[in-house]
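Look at the sequence and the fold first, then read on.

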Amino acid sequence: MDKDILLGSGLPVFQNRHDNSRVFVQLSENAGCPVGCKYYYIPNVGQEARPIGQSTMAKHLDDLTTADEFTNETLVSLGCDTEPLLPETIDTTIQVLEYFRNRPNPIQLATKFRLPESLLDVIKLRDIDAPPLQVSTSVTTIRNASRLEPGAPNPTVRAENFQLNPEEHRVVSIAMMKPYIRGTIDEVEEFADLYAETPPAGIVVGTLIAKTRRDQRKQPFALDSRRDHLPLADEAYQFMDEIAQHMRDRGVNVPIWNSAAVATRALLSLRK
């Protein structure tokens, strides 16, 4: 992600310059992620994450929430720089969630892991008027998961997040297919079976964000960039139509969105 607006000197919390209503909280000093997804382009893919220390994170969060740009409506996103539910990052993630426990801000967390009880216990204590935690569980491929996402749990394990619900767990769980990769359309029935067994609150089919044209050129997957936005490939939209039909055939009807931003706006609107 582009660090276009920094809230404080050296602050590892940054905003997307195209969306002032959202901030991304960086959890790892080195933007490292040992999950090792083959389609990701951050420089430290496959390397151990070095979580930001508790005292440093506390100062960063104080600086963030007192900045002029930050309001009670600002969406707080976790998981842009590393997997937030790794053994080495879970404590930092929980620290951030505890910090916002009594604040009304919507919170979004992207993960390839099943949510642990320790995190769910914190979320259940959130202010009753605050929106449920929006969990985007990433399942990009079923057949090739062990090859393309070697450090992630099996997709059926990740799909257990879809059993969580706003009433009991204070969680809204969506399926995130980001990036949509070539060949995934061949798995449409397998995805429909997975989602029909435990339906998510919705499905996002989207792309990764490339920081440079070089990032775009070196990846054989669907990427777009900040400066030159590229729409999803026609095949991705065909996949969205086909999975919707396959799920309706299985008696399941959930919304399908073409970007995480659209999904977030839709889910937050349900609270109004």
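## A buried loop residue

T184 sits in the loop between β9 and α7. The model is a predicted one. Is T184 buried or exposed? Its relative accessibility is 0%, and buried means under 20%, so T184 counts as buried. Which residues does T184 touch, leaving aside its neighbours within four places in sequence? The contacts are T140, M177, F191 and F239.

## Salt bridges

Side chains of opposite charge can pair when their charged atoms come close. There are five salt bridges in the structure.

| Pair | N to O distance | Relative accessibility |
|---|---|---|
| R143 and E190 | 2.6 Å | R143 48%, E190 27% |
| R158 and E149 | 2.8 Å | R158 0%, E149 1% |
| D193 and R250 | 2.7 Å | D193 40%, R250 31% |

Take R143 and E190, joined by a salt bridge. This pair links distant parts of the chain, 47 residues apart. R143 lies in the loop between β8 (133-138) and α4 (145-148), while E190 belongs to helix α7 (residues 188-197). R143 is partly exposed at 48%. E190 is partly exposed at 27%.

D193 and R250 form another salt bridge. This pair, too, links distant parts of the chain: D193 is in helix α7, and R250 is in the loop between α9 (234-249) and β13 (256-257). The two are 57 residues apart. D193 counts as partly exposed, with 40% relative accessibility. R250 also counts as partly exposed, with 31%.

## Helix α10

Which residues of helix α10 (residues 260-269) are buried? They are A260, A263, T264 and L267. An α-helix has 3.6 residues a turn, so residues three or four places apart point the same way.

The buried residues of α10 have several strands as packing partners. These are β6 (75-78), β7 (107-111), β8, β9 (171-177), β10 (203-205) and β13.

Conventions:
Residues numbered from 1 in each chain as written. Predicted model: local features only at pLDDT ≥ 70, side-chain atom pairs only at ≥ 80, totals over all residues. Heavy atoms only, no water. Salt bridge = Lys/Arg side-chain N within 4 Å of Asp/Glu carboxyl O. Helix = DSSP H or I, 4+ residues; strand = E, 2+ residues; numbered from the N terminus. Buried < 20%, exposed > 50% of the residue type's maximum accessible area, 1.4 Å probe, protein only. Contact = heavy atoms within 4.5 Å.
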